[in-house]
Amino acid sequence: MGESQRHWTKRLLARTVRGEPAGARAETPEAPAGAAVPEPRAPGAAVPDIPDAAAPQGPSSWPPGAADLLTELLGRFNALLPAAARGDLLQRMDAAAGPYTVKDPGFRLDVPRLDTPRAHFRAIVGAVEARPDPAAGLVALRTALRDGHPDAGALPWLELTVLGLTGTAPLPPATALDLVRALYEIPDLPAPDLLVHHIPYGARGTGMLSGRETLPEILVRLSDRRGGSDASALLRFLHDVAQDRTLTAYPRLSALRTLLTSPAATHAGARATARRENEREKLIVQIRVEAVDAEHVEDEQYRLWGAYYRQPADGGPMVRMRSLEPSEPFCRSELTEAGSARMSGWAQLARDVRGASGGVRVEFLLPTTLLGHCAELWSAGPSRTPLGHNHPVVVRSLERYSDNWLDPEPWRQRWHHLCQDAPYPDRPEHPEHPEHPEHPDALDRIAWPPLDDKPVADLTEWLSRDPGLACLGLSVPYDLLSARVRAAVRDALFMEGVPVMVWRRDPGDHRDLVAALRRHSPKRLLDLPETVHLCRKHGRAAGETDVRNNITLLWDDPDCVDADQDMPFMGMA
């Protein structure tokens, strides 16, 4: 049989496999002169194996063993064992590959139908590998299996393999396949509830995870980078799982631990670490305390809810991660105890706090009547350690946060001035270094106006003369302000847009507060949340009367405002 005859015969046999009549003239190519036309076969009859039908026409770009792995994984789809199901798979691949084969609308793989499932799977894989564009064939295979067999246990393992071979995964193809080999044959892999807290906080592709995903399903989400090369989230997850000795599967994960120390994985991890240092994000937790009763009710009631977000380490707009369910109302006298208990019940928040690589800031959105509340004393874990000893804790004005009718321009302008305060250089001889005798202290930018009973207009005029002023110090505790001065402070917040205020909650000299902050050498006012946190942490054993345990920082970042936070739950309007 000549070459043209053999090629024509293969195409006709392939069409017959797909259920097309052997004598369909409109679709059947013309036979070369003298060619023997194969006899039509009865349905279900085997097609003789054609050894070169699926052989690659040139050197394969796949890593060694890739075709065998794909063949093995296809064999784990029990629903594909019947011949008719394998024919349906080829038809689905043909339909799925349309967008990738514009110049060749006849994508149909030249695959003979074989009685033995494994031989047939090997022929399908070989035909994909032999194509000029094997990536298109792999994508078509993945799409066909997702459409036809979405619940198959082998599907995510095959998807991982496809992602590695097409270059979509952030690991080199050979390493991506080694990852599948290291895991897919392990029986009794960790259950979803044991894996969810290892998922890196804020990793792209994980926002819609429900917490019920299996290990390979999570790996697919972390690997589907669509051309991206950032392996940080995937490697962090794998490392945490491999080193978790509480998992009953820990002894069986030795191959994974070995793989993570390989040169390829180490190189990818080093690149990911460098990139992660430049792309770290803060976790912003916003706890919202709202009054249920009218003002001036004795021991009024409040409810607690909120949300948390991720924000670039250098500031900027934040992105909501999850909303936090509201609590039942509780009395003001129970605020710290009841609030701490409610926070302890937010299990997903606790897991995301644990995984936050760029730090955590807890923001309490408080009504005017509660701005003097010692929110940093709340706790949210079994150790009952105060939040302020572990993370920066600040308060915010709930009214300014939620009032969309306030003019935000003064607020943003003053915040912009705060952000322009650049950190000092590291060279001691530089005049802006803190050890230089002429160094301008960042804390000198805190303005301490006289807080007597002068009219509100006096403070307003004083502020309007300095539109660059961003931080206001209160020399009198907020809760001890007279009604007239408190009105002036409210005006400074709502009308003048002052974004930051700081005060000590106990009566005392504000210069002691400044001295306590200065011990931690803040480079700029933007460092105040961390500086106050260090004061609280270092003063935790000094007693309640120590100034370090009586600092309140009001920190209103206009970029950390969620305009939709008022309607986070279904049914609210």
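# Exercises on a predicted model

The largest pocket in this predicted model has a volume of about 720 Å³.

**Exercise 1.** Describe the lining of the largest pocket: which residues lie nearest its centre, and which element gives the most to the lining?

*Solution.*
Step 1. The lining of the largest pocket consists of 28 residues, and those nearest the centre are Lys282, Ala313, Arg524, Leu526 and Asp527.
Step 2. Two or more lining residues come from each of β5 (360–366), α16 (409–419) and α20 (528–538).
Step 3. The most is given by α20, with four residues.
Step 4. By residue class, the lining splits into 11 nonpolar, eight polar and nine charged residues.

**Exercise 2.** Work out which strands pair with β2 and in what sense.

*Solution.*
Step 1. Strand β2 (residues 301–312) pairs with strand β1 (residues 281–291) over 11 bridges, in the antiparallel sense. Within β2, Arg303 is the bridge partner of Glu290.
Step 2. Strand β3 (residues 319–324) is joined to β2 by five bridges, and these two also run antiparallel. Here Ala307 has Ser323 in β3 as its bridge partner.
Step 3. A hairpin is formed by β2 and β3, with six residues between them; in its turn, Gly315 has a positive phi of about 95°.
Step 4. Strand β4 (residues 330–331) is antiparallel to β2 and joined to it by two bridges. Gln301 is the residue opposite Cys331 in β4.

**Exercise 3.** Take the salt bridges Glu72–Arg76, Arg142–Asp224 and Glu376–Arg536. Decide for each whether its residues are buried or partly exposed, using under 20% relative accessible area for buried and over 50% for exposed.

*Solution.*
Step 1. Glu72 and Arg76 meet through their side chains at 3.4 Å, N to O. Glu72 has 26% relative accessibility, so Glu72 is partly exposed. Arg76 has a relative accessible area of 35%, so Arg76 is partly exposed.
Step 2. Arg142 and Asp224 form a salt bridge at 3.7 Å, N to O. Because Arg142 lies in helix α5 (residues 134–148) and Asp224 in the loop between α9 (215–223) and α10 (232–242), the pair ties together parts 82 residues apart in sequence. Arg142 is buried at 12%, and Asp224 is buried at 18%.
Step 3. The side chains of Glu376 and Arg536 meet at 3.7 Å, N to O. Glu376 is in the loop between β5 and β6 (393–397) and Arg536 in helix α20, 160 residues apart. Both Glu376 and Arg536 are buried.

**Exercise 4.** How many salt bridges does the structure hold, and which residues are linked in a network?

*Solution.*
Step 1. The structure holds 30 salt bridges.
Step 2. A network of salt bridges links Arg361, Glu363, Arg396, Arg400 and Asp556.

Note on methods
Residues numbered from 1 in each chain as written. Predicted model: local features only at pLDDT ≥ 70, side-chain atom pairs only at ≥ 80, totals over all residues. Heavy atoms only, no water. 1 Å grid on protein atoms, 1.4 Å probe; cavity = no way out; pocket = protein on both sides within 12 Å on 5 of 7 lines; lining within 4 Å. Points joined across faces, edges and corners; volume = space filled by probe spheres on them. Nonpolar A, V, L, I, M, F, W, Y, C, P; charged D, E, K, R; others polar. Pairing = 2+ DSSP bridges. Salt bridge = Lys/Arg side-chain N within 4 Å of Asp/Glu carboxyl O. Buried < 20%, exposed > 50% of the residue type's maximum accessible area, 1.4 Å probe, protein only.
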